Amino acid sequence: MDNRTFVFALKGCEQLVGVFEGEEIHCQIYKLGFDLNLLILNGLIHFYLKHGSLVSACYLFDTSSVKDVVSWTTMIDGYAQKNLPEEALKLFYSMLSSNVEPNEVTMITVLSACSLMGNLSVGRLIHEYIEKSNVNRTLNLVNALMDMYVKCGCLTTAREVFDKMETRDVFSWTSMINGYAKDGDLKLARNFFDEMPERNVVSWNAMIAGYSQKDQPEEALKLFHEMEKTGIQPIEEGTLVCVLSACSQLCCLGLGRRIYQYYVYLKKVQLSVTLTNAFIDMYAKCGNIDEAAKLFNKMPKKDLVSWNSMIIGCAAHGYAKQALDLFEQMKSMGLWPDDITFVGVLSACSHGGLVVEGRKYFEDMIRVFSLEPKAEHYACMIDLLGRVGLLKEAYELIKIMPMEPDEAAWGALLNACRMHKNVKLGKLAAGRLLDLDPKDSGIYVLLANLCATGRRWDDVRMVRSMMRDRGIKKNPGCSSIEVDGESYEFLVADKSHPRSEEIYQVLDDIFLLLKLEGYVPDTSQFMSLREAGCGDCVPSYLAVHIVPDMTPGDTDWFDVRIMFITKSGAGKCRVETGTTLFPVEANSRLHLAGKDEVQLLVQSPLGLVSGYIVLLTESGRPKTILFHMSEASPKGLVQLDQKRTSQLFVSA
C-alpha cells in the first residue's frame, strides 16, 4: 500500500453520495502516517470540496506546512465552485505572494472567478498577467479568457480573442453565440451558429435560448425542429426549458405535450424540479390549468417557482379562490413568498373582485413579509380597485406611489375608466400614457372608444386627428393557432393563407351558430364614428327553396327546422309550402308532407341573412344546411350544399 493507493481510493469515494467512506479512509491515512504526504493531502482536499465540505478542505489546506500549485489551484477552484469568487481571488493573490508559480489550470479557475464577479477590470489585469507570464496558452485557457470577456459584457475584446485563435473548438463558437444572443444581437449570433464546423447540444441550446428569451419563439421552435432532424437529443433540461418557454409564448400546447410524452414519459430526460416548473408554466399559459395542477400535485418536491407558477396560472384563468388557497398552503409549508408570488396573489384578487382580501395582502407584503411593493404590485391594486368601480381610490393610489407610475398603472386606470364610462378621468390617464409612449396606437384606440361610449363624437374625431397628425396607425390585430405542432399567424382580414376561403367559411359558420344560440358580441371596442343606426339601409329579401331528395323509406313525411338570423338580429320571415303561406318565428319546426317544397322568405334591413335548416326524414337521419347571403353576393345567389339528400337554392 502506497500513496497512490489512497489517492485512487479517494477518487472512488468522490463518486459516492455521502462522505462516510472517505472519512474512514482519512482516518486510515492518519493512523498509517500518510497525512503529511502532499499527493494524498491534495487528494483529501479535492475529496472534501467535491462533497461540499469547504470547512474541512480549508482546515487541511491551512494546517499544511507544504503546498504546491495543485494545492492552491484546488482550493481556488473550490471557492469558485462555491460561488465565492472574492475569496478565490484573495487566495490567488496569496499564492503569488508565496512565490508559487500558477499554471494554466490555475488561471482557468481564476478567470472563472472573474466571470462570476462580472468584474471586467480585474479580468483585464488577469489577462495582462497571462500575457506577461510563462503560462502555457492552451486552448482551454484561451476559451476561458474569451468566456470571461463574454460574461463581463465586453464582446469587442472577446471577438478579438476569438479572431486571434489558431484553433477553435465547439466551446469557442458556443461562447460567442451565447454572448451575442444575451446581448440581443441575434443576427450576429445566428451567423456564428451557421458558420460552426460542428455543433453539440450546448450550441443548439445557446441559440434556441437566445430566440426564446428575446421574444422570438417562432424561431426558437423552428430551430428546435431542425435540431431534432439532425438526430441530436436535447438531453440537457436547459434546452427543453427554453423550448417550453417558446411553447408558452405561442400557446403551442400540442408541441408541449409531445415533448412530455417523448422525452419525459419515455425517460429520455430526467424530470427535475426546474423542468417540471417549465411544464407547469407551459400548461397554464396554454390554457390547460387542469394538466398543470395534475403535474404540480405529483411533484415530490416543490420550490418557490413551482408555487408561483401555479398561483399565477390559477389567477390568470380566473380561479381566484384556488390561487389564494395555494398561497396559504405555501405559507403553511414554510416557504417565504417573494415579489413574484404577490403579483400572482394580487392578480387573483383583481380577477375575482376580492377588494378586502387584496388590500390585506398588499398590506401584508410590508407588515408581515418585509417586501417593498414594486410598480407591478401597485398596478395590480389599481386594476383591482378600478374593476369594481373604485376609480377615485385607484387614482389616489397612483398619486401616492413611491415610484413614478408606469404604463401598467395608467393603463389599468384607463381600462377601468372605459369599463365604468368615466371619460374625464380616462382622458387624464390617456394623456399620461401618451407622455410615456406617444407611439402606442392602443392608447389612442382606448381613448377614442371611451369618448364614443360617452357619445362625445368631437373628442373621437380629435383623437383620430391626433393619430393622423402624428403618423400613428392602428396595429392590426393578430392571432395564432397551432396545427400539428406548427404555429400559424393571422392578421385582421388576412387572406394570405392558401386556404383562407375555406377558413373564412368555417368562421362564418361558427359565428352563425353562436348567434343562433343567443351569443351577442361585444362591439364596444370597435373604433367607430357611427352615431346612428342603419335605418336608412336598403332592405333585402332572401328566398330559400328546399326540395327534398327523398330516399326509399322516406316518402311519407319530413320535418324542417328553420333557424335564421340577420345582422341586426331583426327581420321578418314567412314560409310558403305548396299553396300555404304563413309567418314563422326565428326558431321554428314544421311537419310537412313528403313531396312538399318549402320556400323561406326572410326580410333583413341590413342586407345580411344567415341561418341553417335541418331536414329530419322518417328514418331519423338529420341533414343540416347552412345558408348565408350578403350584399356582396352576386344577385344573392349562394350555393352551400351539394349533398344528394337535398337541393338548396338561395336568391335575393
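# Helix packing and confidence in a predicted model

The protein chain has an average pLDDT of 78, and 77% of the residues score at least 70, where pLDDT is the predictor's confidence in each residue, from 0 to 100. This is a predicted model, in which local features need pLDDT of at least 70 and side-chain atom pairs count only at pLDDT 80 or more, while totals for chains, interfaces and linings use all residues. Residues are numbered from 1 along each chain as its sequence is written, and side-chain values use heavy atoms, with hydrogens and water left out.

**Confidence**

- Over residues 528-652 the pLDDT stays under 50, and for these residues the model has 275 contacts beyond four places in sequence, a contact being heavy atoms within 4.5 Å.
- Where pLDDT is low, the predicted coordinates should not be read in detail.

**Helices α10 and α11**

- The axes of helix α10 (residues 155-164) and helix α11 (residues 170-182) come within 11 Å and cross at roughly 160 degrees, which makes α10 roughly antiparallel to α11.
- Helices here are DSSP runs (H or I, at least four residues), numbered from the N terminus; axes are lines fitted to C-alpha atoms over the stretch in contact, with angles from 0 to 180 degrees between N-to-C directions.
- Angles over 145 degrees count as roughly antiparallel, under 35 as roughly parallel, 65 to 115 as roughly perpendicular and the rest as oblique.
- The crossing of α10 with α11 is left-handed, a term used if the near helix is turned anticlockwise from the far one by less than a right angle.
- From α10 the contact takes in Leu155, Ala158, Arg159 and Phe162, and from α11 it takes in Ser172, Trp173, Met176, Gly179 and Tyr180.
- These residues divide into 6 nonpolar, 2 polar and 1 charged, where Ala, Val, Leu, Ile, Met, Phe, Trp, Tyr, Cys and Pro count as nonpolar, Asp, Glu, Lys and Arg as charged, and the others, Gly among them, as polar.

**Helices α19 and α20**

- Helix α19 (residues 304-316) and helix α20 (residues 320-332) have axes that come within 8 Å and cross at roughly 160 degrees, so α19 is roughly antiparallel to α20.
- In a left-handed crossing of α19 with α20, Leu304, Trp307, Met310, Ile311, Cys314 and Ala315 of α19 meet Gln322, Ala323, Leu326, Phe327, Gln329 and Met330 of α20.
- The contact of α19 with α20 has 10 nonpolar, 2 polar and no charged residues.

**Salt bridges**

- The structure holds 17 salt bridges, each being a side-chain nitrogen of Lys or Arg within 4 Å of a carboxyl oxygen of Asp or Glu.
- One of them joins Asp147 with Lys151, whose closest N and O atoms are 3.0 Å apart.
- Asp147 and Lys151 are separated by about one helical turn, because they lie 4 residues apart in helix α9 (residues 139-151).

How values were computed. Helices (H or I, at least four residues) and strands (E, at least two) are DSSP runs, numbered from the N terminus.
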